[in-house]
Amino acid sequence: MKNNSINTLVRENILQLQPYISFRDHNEFNAPVMLDANESPFGECNRYPDSTQKKLKNRLAGLKNILPSQIAVGNGSDELIDLIIKIFCEPKKDSILMMNPSFAMYGFYAAINENKVLKLDLDENFEIIKNDFLKISDDPFLKIFFLCSPNNPTGNSIADIEFYLKNFNGIVVVDEAYIEFSGKKSSLELLDQYSNLIVLQTFSKAWGIAGARVGMAYASVEIISLINTVKAPYNVNVLSQELILKTLDDEDRLQDNVNNILEERTWLQEQFNEIECISKVFSTDANFFLIRMDNVDNVYAKMLEEEILTSRRDPAIPGCIRINVGNREENEKLINLLKGI
């Protein structure tokens, strides 16, 4: 960040906001009689979850080698994106910047908050044009730059993250939903150097627990305190917290999942190269491919007929479909269909 301190970027009403504090979760008890929260004394999951997610944050802090106070846990990364925009962007006044194409939800939550969405068009290789970025980076109403790496839906990693951190006067959110598949270093190692950095990660992709809806924001203690101030008190439910903690006990799960996906990704790449209706397979660091088809209308219709669900990116990215890596049975069904077109 070039000039501003974090507080100068925060909405004034957020700075004045007092967080909801659960008395139970901010104190230690041995055998409490819980008559404070109007819960039922009967049944399973009858108690509210820990609103501070202490156990989960402590586990994540050990894994990521950062402080628990540098972690916010959300109901998926979507909740965290929404909260970040609400903290730093004054409705009807401030703007966000996002790559184009990129994950649509950045613009979606900005629009809900009545913030303008500025789009930075990527080049033919889906790279950021740095001069275009510099032309817009000094806009005083531009508060957040959402930088998705590896990028969704293009699959490529964004190089030189520090350039954007150094040359942006606001908050840089590096969304690393697919980082485990990339073989690249996480921007977490830059947290101590840049007070304007927020790194988003998730349990939905490489960990294979999308149904639990758990995402994490890693940032300075100051930024995490702001996120905890504006979040809902019990935003991550008991079952999700327990499932994630149990999953973290399986030390091999993440690497096994990643290895399986990478093996299938390599196999799919080889198969795609032999299919006539495919004109280009873009390089990917994620668990999906962006593929350009010669006759995208026909190919997409054929896949739907066989109930093979993919993500059509045409016309925004002409002729393209995003296809994520499945298991071998799913991948073979896809390949056999494409070879028959």
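Residues are numbered from 1 along each chain as its sequence is written, and side-chain values use heavy atoms, with hydrogens and water left out. Since the model is predicted, local features need pLDDT of at least 70 and side-chain atom pairs count only at pLDDT 80 or more, while totals for chains, interfaces and linings use all residues.

The unreviewed UniProt entry lists Lys205 as "modified residue: N6-(pyridoxal phosphate)lysine"; UniProt positions follow the numbering used here, feature names are shortened, and annotations may be inferred rather than shown by experiment. Lys205 sits in the loop between strand S6 (197-202) and strand S7 (214-218). Helices (H or I, at least four residues) and strands (E, at least two) are DSSP runs, numbered from the N terminus. Lys205 counts as partly exposed because its relative accessibility is 33%; buried means under 20% relative accessible area, exposed over 50%, and partly exposed in between (1.4 Å probe, protein chains only). Leaving aside residues up to four places away in sequence, Lys205 touches Ala177, Tyr178 and Phe181, where contact means heavy atoms within 4.5 Å.

H12 (residues 328-339) has 12 residues and runs 16 Å from its first C-alpha to its last, close to the 16 Å expected at 1.5 Å a residue; the expected span is 1.5 Å times one less than the number of residues. Buried in H12 are Asn331, Leu334, Ile335, Leu337 and Leu338. Seen down the axis of H12, these buried residues fall within an arc of 160°, so they line one face of the helix; the arc is that of the directions from the helix axis to the C-beta atoms. Glu329 and Asn336, on the other side of H12, are exposed. The buried residues of H12 pack against helix H10 (253-272), strand S8 (278-281), strand S9 (288-293), helix H11 (296-305) and strand S11 (320-324). At the N-terminal end, Asn327 caps H12, with a side-chain oxygen 3.2 Å from the backbone nitrogen of Glu329. Such a polar contact is a pair of N or O atoms within 3.5 Å; within protein, one must be able to donate a hydrogen and the other to accept it, and residues adjacent in sequence count only if both atoms are side-chain atoms.

H9 (residues 238-249) also has 12 residues, and spans 17 Å from first to last C-alpha, close to the 16 Å expected at 1.5 Å a residue. Its buried residues are Ser240, Gln241, Ile244, Leu245, Thr247 and Leu248. They cover an arc of only 160° around the axis, which puts them on the same side of H9. Leu239, Glu242, Lys246 and Asp249 are exposed on the other side of H9. H3, S7 and H10 are among the elements covering the buried residues of H9. The N-terminal cap of H9 is Asn237, whose side-chain oxygen lies 3.0 Å from the backbone nitrogen of Leu239.

Some of the strands packed against H12 belong to an open sheet of four strands, in the order S8-S9-S11-S10, with antiparallel pairing. S8 and S10 stand at the edges with a single partner strand each, so one side of each has no neighbour in the sheet. S8 and S9 pair over three bridges in the antiparallel sense, given that two strands pair if DSSP finds at least two bridges between them. Lys280 stands opposite Arg292 in S9.

The loop between S8 and S9 holds Thr284, which counts as buried because its relative accessibility is 13%. A polar atom of the Thr284 side chain lies 3.0 Å from the backbone nitrogen of Ala286, and one lies 2.7 Å from the backbone oxygen of Phe288. Not counting residues up to four places away in sequence, Thr284 touches Gly155, Arg265 and Phe289.

Most residues other than glycine have a negative phi, and most peptide bonds are trans. A cis peptide bond joins Ser149 and Pro150, with omega about -5°, and another joins Asp314 and Pro315, with omega about 10°. Pro315 lies in the loop between strand S10 (311-312) and S11. Asn38 is not a glycine, yet has a positive phi of about 60°; Asn38 counts as exposed because its relative accessibility is 79%. Phe126 likewise has a positive phi of about 60°, but counts as buried because its relative accessibility is 10%.
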